[in-house]
Each structure stands twice: as structure tokens, then as C-alpha cells.
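Have your viewer open and follow along.

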Amino acid sequence: MTELRLEGVSKRYGSGEGTAALRDVDLTVRDGELFTLVGPSGCGKTTTLRTIAGFEEPTAGTVSFDGEPMTAVPPEERDVGVVFQSYGLFPHMTVAENVGYGLRFRDPPNGTSVDERIAELLELVDLEGMGDRDPDQLSGGQQQRVALARALAPAPDLLLLDEPMSALDARLRESLRRQLTRIQSTLGLTTVYVTHDQDEALAISDRLAVMNDGQIEQVATPRELYHEPATRFVAEFVGDNNVFDGTVRTRVEDGARYRVDVDGTTFELAGVPAGVDRVSFCVRPAALSRTVERNEISVAVETSEFRGESVHVYGRWQERPIVLRLEDASEDELTVGFEPEDAHIVDAW
Amino acid sequence: MSPLDRLPSDRGRASEWLEHHALVAVTLGTAVVLVVMLYLPAGVVFSEAFVDDGLPTLGHFTDVLTDPFYFGILADVFAEPLAIGTHLGSLAAWVGAVSISLSVGYPIPGLDVPVPWIGIDTPGVRKGLFGFTAYQAALSTIASVALGLPAAYVLANYEFYGRQTLRSLTILPFVLPGIMVAVGFYAMFGRTGTLNSLLGAVGLGPFAFIEANPLAIVILAHAFYNAPLVARLTVTAWEAVDARTVETARSLGASERRAFRDVVVPQLAPAVLTGALLTFIFTFMTFPIVLALGGLQLATVEVWIYDRIQQLDYAEAATLAVLETILSLGLTYAYLRYESAQTGFARAPSPPSKERLIPDLRTALSLRRLAIFGYGLVALLLFVGPMASLVVGSFTDGSGFTLRNYAFLLERQLEGASFQTQPWPAVRNSLLFGVATLLVAVPMGVVISVVTVRAGRRGRIVDTLAMLPLAVSGVVFGIGLLQGLVFGISLPGGWRFQVTGAVAIVVAHAVAAYPFVTRNVSPLLGSLDPAMVESARALGASRTRAMLDIELPLVANGIVAGAAFAFAISVGEFSSTVILASGSESYTMPVAVERYLGRRSGPAIAMGTLLLIVTAASFVVIDRVGGRYEL
Amino acid sequence: MNHQRRTFIGTVGSVAALGLAGCLTREDDANGSSDADPEPEDPDLEGTLTVVTYESMIDGENPAGPWLKDAFEDEYPDAELEWVQLPNQGIGHYIEQARGNQEIDADVYVGLNIDDLVSVDDHLDDGGLFRELNEDRIDRSSRIRDGLDMGDPHDRVLAYDTGYISLVYDENVVDEPETFDDLTDPAYEDELLAQNAQTSDPGQAFLLWTIDAYGEDGYLDYWQDLEDNGVRVLEDWTESYYGAYMNEERSMVVSYSTDQVFATDEGHDLSRHQVAFPNGQGYANPEGMAIFEDADTVDLAYEFLDFVLSNEAQAEIAQRNVQFPAVEDEYVDLDDEFDRYAHVPPEAVTVGYDDLRGNLDSWVDDWGREFASH
């Protein structure tokens, strides 16, 4: 199987300075891992994927599969399977012909025949018996699965998925997502998944990279990323979060905590680095609780959404938007607090 | 495992290499052909515009731009570009003198049918030769689009007996030599022409259609050539309209008219505008037809280029030609910017179904059907009329029916001496060159489309330059071929670079023809989802293979239409053929028409009729053969 | 009659384009002496004579070319006559070749006009391209009528036939115009068809005729009057005659004085084919033949020129090509039919070499600009 590595990859469009789509990207995707690139549109995630596939040539840096440099290898010789947002099905070929297209260039694995392989793949994506249809006779979700089957048919070393779900409705997306992760883990195939949807990214990934403005902000497991965002951008982008900027005042007596002043209100925080004047810290909605009586703030409620297990409350404290997750909330104004250890420092200077 | 290890072993290295480099090879071949057969000949003459007594100069441009004969009132602006106040003052004075009036006019010659007429009375503006040329080209473009679109509508939306054949024959006017069109128009619309004979049979006329308004008849002649071009381009696009998009719009509550406007029109617009652009460029550079029907008062820039060339004033001819080319390429670039902004994605072809034109008598009498039949009558008069009148003319003389013109052709074929022009070699050469042109021009045009269609601004510039064959004065190109290729260019070491003969003719035709392939293919190619090609490549297909497997089948309509144009251009081409064929046996049908033209026009008209019949048959065959590859 | 339609590309030649200015060497002519070809003791009458000529001499209906070849080869059994079709660029093709120092592989040129010679001399050295003829070697040259001397100061050309430009009119609609001034009368309003002098031979001839009649200073005023009276100037003879005139758009056209020969042949009513000679004149367009300087078979070429002026050849050329013979009447026998329908003007005018040289281009240019001003 395959380990994918990007080292110092940069991409500029246009001549001279041009616009930088990627700046010095370093990345390692481990063998058999489902790795997600997530970020807002224009952050460079799709460019990264296209560079891995060979559709874009990096201006600087190298791409290697299992230590073998790939930068000069054309896409058709890289042994990657790609599924695009628009699927890119060939409208003049049947479903079976689409799935079998890659087998014109590479023999099916394990000595199976082309027809067997096509049947096998259609079964894998639950499209048995659909081989003779034209792609435009299928629903969006079915087309998406044909595209997946087509990408998998030649048994690629690497599977690349570029926003494969974004054209589908939410319910279908979830069921396909499960199907995809099932197939991926069954095959143990190294997979790079691009999405702008951070919920989706957290849900399916072994590890993920958050990208912003052509750079990687953080690479981590979903859990790490959620609880310990490395940058303010990651903190705000991944999941709901409450971010505060404050001035460091004094060290608390026991030495492990500091007092931090945010617009006249003083909080006690853990984990502040020594010798800094200012910090940005975040507190996840679930960490703000009515039962905690430290670091209290008084939130003016604007709206609340009932979500079954919990209620999402959106309000303001001193003009800042605040998100809470409570069991129940009917007040117009409520007071919540957090433990110093639940605040996570994302920036300090 | 290295991906290279997985290459199939049963294919030879050579064919592997070829496939990987085919696109590059054809691109390079195209570039070489363009340099030798286009840039070299055009450059040889164009360079004269920038040289005076061996020194570089822009003086020729200053002379032409500030000559009111060429640029009318703009000449003042060019002479003093910074005197903005003065120019604005004259503009304001001009606008102030415009008056609008309502009156009743009698626009139809000889018929007292009053029509309310809004007269916009503008004080005379000196247009100059360029201004007038652009003016008549604009009018011709409007007329060609107006007459071409209904044909496209009928051919794309209705099923009727002979539709396929009619569709094939739409480009027939394209191959007719200018002189034949002129004679055909006189024979159809002249005072004793076919139309007046028909009207006379019901007691009307005769009307002086041609004398009444020479400019109008020139514009109709331009429409005769170019409306079929607009129609053909539009039919191709219309048949590629995705019917599902219309159905979606209808299901969302759009009326039929609204769905047409919102869904169909945007899909047709690139084709219609391509047709309009080509028509404008062609009619801007129109040459024989204007003076043949309209007279010297309607002279255009190209007429003056020809005159300068005859007087060996190459500098002025080249200057005028360079200005023509700049104008044409500027328009082309502007259009291509528009076209690339229009490209949508992933149109799976699902062509609209065709309605029967005459399902029953009741429907046949509906307003829309009657309008179609009315248009059909106009088309019959304008397009079929001149050609039919030519054919009739080839069988008649002062004493009635005669076969002597065909007897002449037969006798010349059977008994002609070797130094005489014979009909069969002309037919054979035309067909051979036509097929060879098609085989060369289609790959050239397709490759240029493939290379430029997604290459952004740089691609657009290449694409614009690739349209140069349409934007270079035919007269200047002819002289360039003569000086650059027939007489040859001296190279160091005593070598002389010369190109003539059949191969040169085919390549010259291909150079003239490939832009039609490109313009037919590019919009379709631009509308394909790039994910299709990229999926294919990720699955192991080389760029060439992806083009052959995915792109070409999906743009087959455009390729077949382009191929038909390429054939038509080759068969109809005269000016470079006659130069490259001189002194050889490589003459074609239009050249034979020209050579048979003597004090009696009969033999030439008979040869022209033969040209019509042979090309009509060829178009039907091309479309039938090509139709198998269409979607 | 030389090409009714001027060739598409016309005369060509620019030394600057090829960068070969000054490379042209002309050994035999440098001192400008008049050493015409001396009479050889033992003329070489074997080999192939390559003759360049225009389309209708060989490609028209029943042209004279094939007859000339057969008859000439009968008379000179060791010789072969090879016709070569004049390239589309006309004389310009050879001017260009001469400037490029390329060898011209032709011996004789048949169909030379006065303005071709002017063009040769404007773009090559004076008296270039063709040999100065030694008329002593062409016995029959003395038969050529007075008035058909083409005026070449270098004696390179001999006329072999001529045509006359005249007016052809429909006597059912208009009376015969007696003078040029008549054409500006209301009686002829919107009746006259002419051709573009920039591109058409009869068009240029008619323009030169008006210059002969009204002078360099007066012809543009005359044309202004013609324009006010509705003259229509079409591109070429074919459109104006077979297009406009034959479809009765108008009742008068600038054409050839041999018009009735064709009209009779085609079965047309002669009332629409009346020939008028305004001012009692017709404009003569003599056609000449010349020997290329590079000719390989000079002796044979001289014999050919002499042969073309023989009785029989003159009659065949005249009747097949429908042109008038160049020789005096006593040296040629024409059918009565030809005499009856081919009309000769009472007075023939032509603007000679000396007047054309240096003026032709600007005359035509001024005329064209007057017409095409928008």
C-alpha cells in the first residue's frame, strides 16, 4: 500500500509573483489512512488534491508515493483513482463501460476478468444490474457511486475524492458517507478526501488537515483538532466555538494559572505561556455551563434551537457572539461559567 | 510499487511513444503549416507596411489614417487625437442636427403599399472607405442572421421529408464563385429575370429590383453567402441543446417562450454570434460581389487593396490590409472573451425531439406553420432562385433551349488538347483536394480547439491568432503566396525555398478551412466537464487517448459540421488555388469556370452548374457518412 | 481579344519584398544600343517553341490556339509548339521572375498590351524582358496596318490583332448616341453600364477613350456629368454584359464592336445589339506578340511571329477569336459573315505608350476616388 508525502509544495498561477495557490505545503498521509483536507473555498485544498493526482504541476517542492518522486509523472501513470464533485461520468458510455474504462489501461487485480471486475465493483457500490444503463438515467447518488466504482476498478494505490458529496442532499450524503468509509476501511486504501464541510471532515477522517490561504494550519486527528486547535483560524473554523482576546494581568498564587482581562472582565486560565502580554483563547460551547461558578459571563439570548439531546443557544456577551449547548434554556438572559482547564489558548504574543 | 511497472506490456514502445506525443506532434505540425502557409506569405506583404526605403516607419499608417477618403471624419480625430474639445464640439453639433419624423413610405418597388415609416434624419457624415465598408458589413450581418436563424429553427425543430438533405445542402452557396453568384442574381432578380417572369405570369411587374436599391441587393447577395453559414452553425448548436434543461425550466413553471429565452437562447448564443462574427469579417473583406452587383459607388477597402496591388503600391496595400486584419482580429478576440465566459459544464447530449412539420392540415394552417411556409418561400426565392436560374441559364440561349454549352464540355473532355482545361480533371482535383483538405484541416482545427479551450487568456490569444486566415485580405494573401512560395525565398547557401503544386494547394486550403473546424468545435468542447478528461487520465488514459475516447465523440456534431465547411472552403477556393495551380494540371472547378469565361458566358455557366451538382452530391455524402458519428 | 476579365491578382512585382534590388544584371542591354538580333546564316528551326498566351486563345470555344499549333507544326516539321497558359498574375508573373533573376522558360508571349509594356518598363529597366525585334527577319511585318504600331520605343512588340471598344445599345429604348456629350443627356439617364477601370480591360479602355476626348483636365468633369446622369460602373465585363445588360436592367453597355457576331451566334434579336461609335470613334486595343530575352529558340520564335501574320493565320485568329486582323485588308480573306457583324469604327483612337507611361496609374486612381468617396 501507499504512503503519500508532500514536501515544500508551492503553486503559483501566472508569471512572476503571480497568485500563490499553495505555499510551502508539507504533508504526510499514512498508508491506509482516510485523510481529509478541509478549509474554506479558495484555501488550496483542491489544488493540493490536483497536485497529488498530477493535474497540476507544483512550482516548487515534491510529491512522492512510498518515497518515489512523482512530480514529473503524468496523471495516467500515477495509479490514482479520482472522484470529482461533478462525477465526470462519460455520457456516451453505459455504466458498465464507465466502470470498465480504466481496465482498458490496467489489468484487473487478482487475475479476474474485466467483466467480473465490473460486476464486483457494481456490487460493492450497490448497483448490481445497472451496468447497461446510461449515466443520465441514474439519480445523483447513483451517479456518484458509479464514479466511485470507476475510480476503484483498476485497484489504484491512492484514492482521491474532491468534494464528492457536495451536490447531494443531506440525508443521502450521510448514508453515502457511511458507505464510503466502510469501503475504504475494507480495502485499506490510502485516501485523500477534500471537503469544505468541517462536520463531514470530523465525521469520517482518521486524520485531517485544515488549510487556509494556501497553507496548512494544523494536521491532527478529529478529536485533537476539536479540542486543541493550534490556531485561532482552526478554532473558529472547526465546530462551534467561542473565541476571546485578553490581556494577561497577574499570575495566580499557585503559579499554574493567570488572570486574563477581557474588556474589563477577569478570567482565570490555565496553560498561558510565560512572558506573553496578550492571549487569544477559546471555550467550546459544551464547556460553558450554568453549574460552573468560575469565569462567569452573563449572556443575552438571541435565539435557541432545539436539537433533541440539547439546545443550541446563540446569544451575546458584551457584543460578542456566544454559542452555548445546554440541556434546556428558556431564559432571556443566563449566566454561565467555565473551568480554567477548559479554555484553550490558540494564540499568545 | 512503481506505477511504471504496471504499464501493459503487450503494446509496443513505439506506438506507446506515438500515442503519448501525438497531440504534441499534431500541434507542432499545425504550427509549421501555419508558419509556412500563412505567416510567411502574409508576413512578406504585411512587412511592406512598416518599411519605407528600407527603413522602419509608421508613416504609411499615418498617411492612411489621416486620409478622409479612407477614414472620413475620423481622419480629423486621428490627425489631432488630443483636440478632444473640438471633436466633442463637432459631435454635439451633429447630434443637435438629428431630427426624427413620422411619414408614410412605399418601400416595395412598384407596389403602392403604404407603410408608416419613422424617418431619422441625420446630417451626412463622411464615413470614408473604412466607415462605409463597416456599415455595409454590419447591414449584411444583420440580414444574414435574420435570414439564417429561421432556417436553423426549422431544421433543428421540425421533421419533414428531405430535411436531412436540405440541412446538408445549406452550405452550397458557400462554394459558388463570386461571378456565378452575380450572374445568378441578375438571372433571378433582373428585369427579365426568373422572378419577374413569375410575377409577369400573374400580371405583375416587371420590377427593377436590382436598379431600385443597389446596396440592398449587395446585402442580399452577402446574405446568400452567409445566412447559410449562420444557419449551419446554429443548427449544430441547436441540435446539441440539452432538452432536459428545457424540460426542467418548464417544470419550474416557465412558459414555453420563457424557457426558450432563459434556457435555449444562452445555449445558442455562442453559435449565432460566431456566425455573425464570421459574416461581419467576410463581408468587411468582400471583394468581387460588391462591384459586380452594386457598382463602384459601393467600393470597399478590399477593392482599394486590389487596386494598390495592381499598381504595385505594396506599402499602401499592406497598410490597408494590416488595418483590416487588426479590426477583424480585435473583433475575434472580443468574441472569444465572450465565448469563454459562456462555457457551462456537463451537457450530456439529449437532443430535442423534432416535431412533424405537417402532421395534419389543421396544424399546417396554424399561424406558426404559415410563418414557416412564408419563410420557406423567401428562402426559395433568395437561395434557390439564383442557383436555379444559373442552371436554367446553362440550358438556354437567345433561341431557347440548347445543349451546346454541355456539348462544349463534353467535346473538351473527349477531344481537348493537353494544354486545354478539361472538365473531368477539374472535378477530380476538386474532390481530391476537398477530401485531402478535410483530412488535414480537421486535425488542425481540433488540436487548436483542444489546446486553447481551457488555457485561459493565453489560450484566447492563440485562438485569436489562429483565426488569422479569415482576417487576412484574400488579395494580399494571394500576393504573399506568389512572392513567398511560388517564386520562393532565397536562403543562405544558395538554397531557394519554394512550395507549389497539389500539396501546396491542399495545405493552403486547409489553412483557410481549419478555423471553421475550430469555431465549430471550440464552443462544444468548452461546454464539456473537464472532470471527464481528468477522470479518464487518472484511470490511465494518455492525453491523446482521453481526447479520442472522451472529447471527440462528445463533440462529433461540431467536427462533422467543421469537416463539411472544410470541404466547402476547399471546393470553392479560387484565389490561392489559381496562383498555386498555374502551369500545372492541378486546376479545380472554380478555376475551370474562370478559364471558360469568354465572350460567351455559356460554357462557364455550364461548368458552374457542374460545380453545383458535384458539390451538392458531396455534401449529402459527407453528412450521411458523418451523421453516423454524430450523437 | 485579350482576357475580358482582368486576372484576379493583376500585375505583380516588388523588389523590396525579396530584398533583391540591384541584383538584376542585363549584359546585352547595358549600353542601350539597338543591336537587334542579326539575321543568322543558318537558322535553327528544330526544337520546342514555348508560347505563353491568355486563356481564351487556347481555352475558349473553338479558339485559334490549337489551329495555330497544328498549322505551325505542319509548316515546320522539326518544331513543336507548346502552349503555356498565362499565369493568373499576367505579365506581372514574368516581371517578378525577371527581378528575382529566375530563368523564364518561355520563348514567345502572345497577347501583350500597351499597358503591359508600360508596366514592364516601370518596374524593370527600360526596354526589358523582351528582345528588340529585328523586323528584317519578319518579312510579313510590313503588312501590319498603320495605326497598329503599338508605339514601343524599344521595338519589342508586333500587333497581331485588335479589338475596338464601342457602345452596345438597345434601339427599342434609346437612340444611337452620336457623341460622348449625348451620354449626359436626360435621354440616357440611368441607361449606361460601364466597367471598373481599375480591374477591367474594356473599363480601362473606355476611361482612356474619355481622356482622349476630354483631355487630362476635362475627363473627371465629364465623368461627374455621367455620374449625375446615373452611369453604373460594375466590376467586369461579364457582370455588366451577361448580368445587367442581358437581363435588360439597362439599355446601353460599354462593350466590343464585334458584339453582333456573338448575338447572332446565340440567336438573340439584333435590335438589342446595336453598336454605336460616339464621336465617330472606337477605342482600339491592339494585341501584340514578343520574344522573351531568355528565349532558347530565337530563330523558331522569329519564324512563328512571321507565321502569325500570314494570310491564313490572320483569318483564323480573327474568326475564331472574334478579333480584327492586324494586317491590311489585302493580306487576309474573311468570311462575309464576319465582315457583316464585326464593325470597324470610322476612326480608331488609342492612347499610346508615351502618354500612358507615368500617367495611367494616377488617371485611374483619381477617377476611382471620385467615384468611391463615401
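Below we start with the ground rules, then go through the chains, the domains and the strands.

This is a predicted model: local features need pLDDT of at least 70, side-chain atom pairs count only at pLDDT 80 or more, and totals for chains, interfaces and linings use all residues. Residues are numbered from 1 along each chain as its sequence is written, while chains are lettered from A and ligands numbered from 1 in the order in which they are written.

So who touches whom? Two pairs of chains touch, and the pair with the most contacts is B and C; a contact here is two residues whose C-beta atoms, placed from the backbone, lie within 7 Å. Chains A and C have no contact, and their closest C-alpha atoms are 38 Å apart.

Look at the B–C interface next. Chain C brings 57 residues to it, meeting 62 residues of chain B. On the chain C side, the elements giving two or more residues include α1 (15-18), α4 (91-99), α7 (237-245) and α13 (360-372), along with strands β2 (79-85) and β6 (232-234). Helices (H or I, at least four residues) and strands (E, at least two) are DSSP runs, numbered from the N terminus. By class, this side of chain C has 20 nonpolar, 24 polar and 13 charged residues. Ala, Val, Leu, Ile, Met, Phe, Trp, Tyr, Cys and Pro count as nonpolar, Asp, Glu, Lys and Arg as charged, and the others, Gly among them, as polar.

Chain B itself has 30 helices and 10 strands. Of its 631 residues, 51% are buried, that is, with 20 or more other C-beta atoms (placed from the backbone) within 10 Å of their own. Taking contacts in chain B between residues at least 6 apart in sequence, 78% join residues at least 24 apart.

Back in chain C, the domain assignment (bounds of this kind come from an automatic or database assignment) gives domain 1 as 44-163 + 284-344 and domain 2 as 165-282 + 359-372. Their C-alpha centres lie 28 Å apart. Domain 1 puts 11 residues into the contact and domain 2 puts in 12. On the domain 1 side, α5 (114-123), β9 (281-291) and α11 (336-341) each supply at least two residues.

Last stop, chain A. β4 (residues 60-65) and β5 of chain A pair over two bridges, and A:S64 has A:P69 as its bridge partner.

Methods
Pairing = 2+ DSSP bridges. Buried ≥ 20, exposed ≤ 12 C-beta atoms within 10 Å, placed from the backbone.
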